[in-house]
Every structure is written in structure tokens, then in C-alpha cells.
Amino acid sequence: MKETIVIETMFPEVPFEERFAKIRQAGYRYAELWNLNGRDPQAVRRLADENGVEIIGLSGDISGRPGDPGMADASRCDDYIALVKECMELAKILGAKYLHMHSNGFDEAGNTLTYPELTDAQKRATMVKNLKTLVPLLEKEGLICVMEPCNSLIDSPGYFLDHTQQGAQIIREVGAPCVRLIYDVYHAQVMEGNLINTIRSILDVLEYVHFSDCPGRHEPGTGEINFKSIVRTLQEVGFNGPLAYEVHPLTTSEDAVRAIKELYA
């Protein structure tokens, strides 16, 4: 497994520019970004390289600008593809392999855009259409998009892709190796539970895993998820993709790193 630190959530006590050094000092080699928020991608790549950190993934359809189109929005398919192409260019500069994809866009306040004029069937069909359009572009650039089911009960009310099997079925319909799934154990625990059985049922589409505890999205051991059992399951099934710690430290980043490392003790 490629243990990865999500740079927006970990080490919040230091500026963004100092977090790559913190990641390396903690013993990790991989970082994930949500988005650049206007930062110079060349400068961010230099920071990562100087600290011996590889940026492994970033958002493929969130620019940080308000009102980005969403994958499920049937009225803005061309805008959505254009946004993903823009993110693909950033990924190439950063050296990232994975683009994190979402069913919905977000407004200027960060609220989920919900497309009430569309039925669930229309949203799903639009996602499949957009993904099939993206497949040859992803294949050409050697990139992989990983779709992320997110909870619609707490963090993203109205988010369409809110169950794991829903995402797995869409990916199977698209049927391309460059379209895969993120399994975020926090979101899955909020919506579904049954984490270990679910992991075993999605191995044909599973590419990427997010870790944070529930409730609160803090480090392992602060909530209700048995992370040691999940790590053991991932090892048993031979998962070797990115395992990203999307952790908001409850106390200090040092305590959070310690809790993560204890999973493997």
C-alpha cells in the first residue's frame, strides 16, 4: 500500500508550503491534494520534489472556483469535460496519477449543487456518458480517475453518489481500467457500515482508499471504526494502491501520526 498524507487536512499548524517537509519528516513519501486554490502548480511541484514527496493525486473536477459543473449535471456536460481537461493538465505538471472525481459540483459557499430538475436515472446516465467521454483522454495521458462516493447525511446533503455499490455499478458499466473507485471509510461508515464485507465485494473496481474516523474525520482511535481490522483486510486481499490519511487531527498532528503508525504495530 502507498501510505499517503492528505496535505489539506494534516499538519494544519504550519503553512501549506511547509507541509511537504512535515510529511517527509513523519516518514511518508506520498501526498494528496484537494486542489491548488490558485497556487502555482510548478512551484508546488518544486516544493514536493525538494522534500522527496510524490504528489499522487488531486481533484479532477474541483477547481476551487465557485459553481464548478458536476459530473451528474446533464445541462453542463461540455463544461464538465473542459474542467476535467484543465485538471488533467495540472496533474501532469504535478506528476499526479490519480484524479478524484465527484458526482456533484459546489456553490461559492461550498454547498452541494443538487440538480432537482433531474431524476436519479438521468443523473446516473449523465455520469456514465461523461465518464465514457473521458476514457480516451485519460488513456492518452496515462491517468486514472477515481470516483468518490460521499455521505449525504452530514457533510454533503444532496450529493448523488452516496453509496459504494452505486459507484461500483457505474464503474462496471463504463468498463475501462482508467475509471476506478475511492473507498472512503468515513463516508461509508456514515451511510452504510459493513466496511470489511463491502471492501471484499468491490475488489474488481477498488483503486484508492481514504482513512479517517467516524464521527469527526479525526485520526484512527478517536471514533467507532476498527482500522486495524480494515488494514488487515486490505493486506489479506493484496490491495497495493494509495491509502490516504484524510485526517483532521483531534489534538496535534504528531498525535495523529502516532495513531496512524500504531495501526501497523
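First, the ground rules. Residues are numbered from 1 along each chain as its sequence is written, and side-chain values use heavy atoms, with hydrogens and water left out. Because the model is predicted, local features need pLDDT of at least 70 and side-chain atom pairs count only at pLDDT 80 or more, while totals for chains, interfaces and linings use all residues.

Next, threonine 112. This residue sits in the loop between strand S4 (98-101) and helix H4 (120-141); helices (H or I, at least four residues) and strands (E, at least two) are DSSP runs, numbered from the N terminus. Is threonine 112 buried or exposed? Threonine 112 is buried, at a relative accessible area of 13%, where buried means under 20%, exposed over 50% and partly exposed in between (1.4 Å probe, protein chains only). Leaving out residues up to four places away in sequence, threonine 112 touches Asn104, Gly105, Phe106, Ser156, Pro157, Gly158 and Tyr159, a contact being heavy atoms within 4.5 Å.

Now the salt bridges. The structure has eleven, each a side-chain nitrogen of Lys or Arg within 4 Å of a carboxyl oxygen of Asp or Glu.

Arginine 45 and aspartate 49 form one of them, at 3.2 Å from N to O. Both are in helix H2 (residues 41-50), four residues apart, about one turn of the helix.

Glutamate 141 and lysine 92 form another, at 3.4 Å, N to O. Glutamate 141 is in helix H4 and lysine 92 in helix H3 (residues 77-94), so this pair ties together parts 49 residues apart in sequence. Glu89, Lys92 and Glu141 are linked in a network of salt bridges.

Last, arginine 200 bridges to glutamate 236, with the closest N and O atoms 2.7 Å apart. Arginine 200 lies in helix H7 (residues 195-201) and glutamate 236 in helix H8 (residues 227-236), so the pair ties together parts 36 residues apart in sequence. Arginine 200 is partly exposed at 41%, and glutamate 236 is exposed at 53%.
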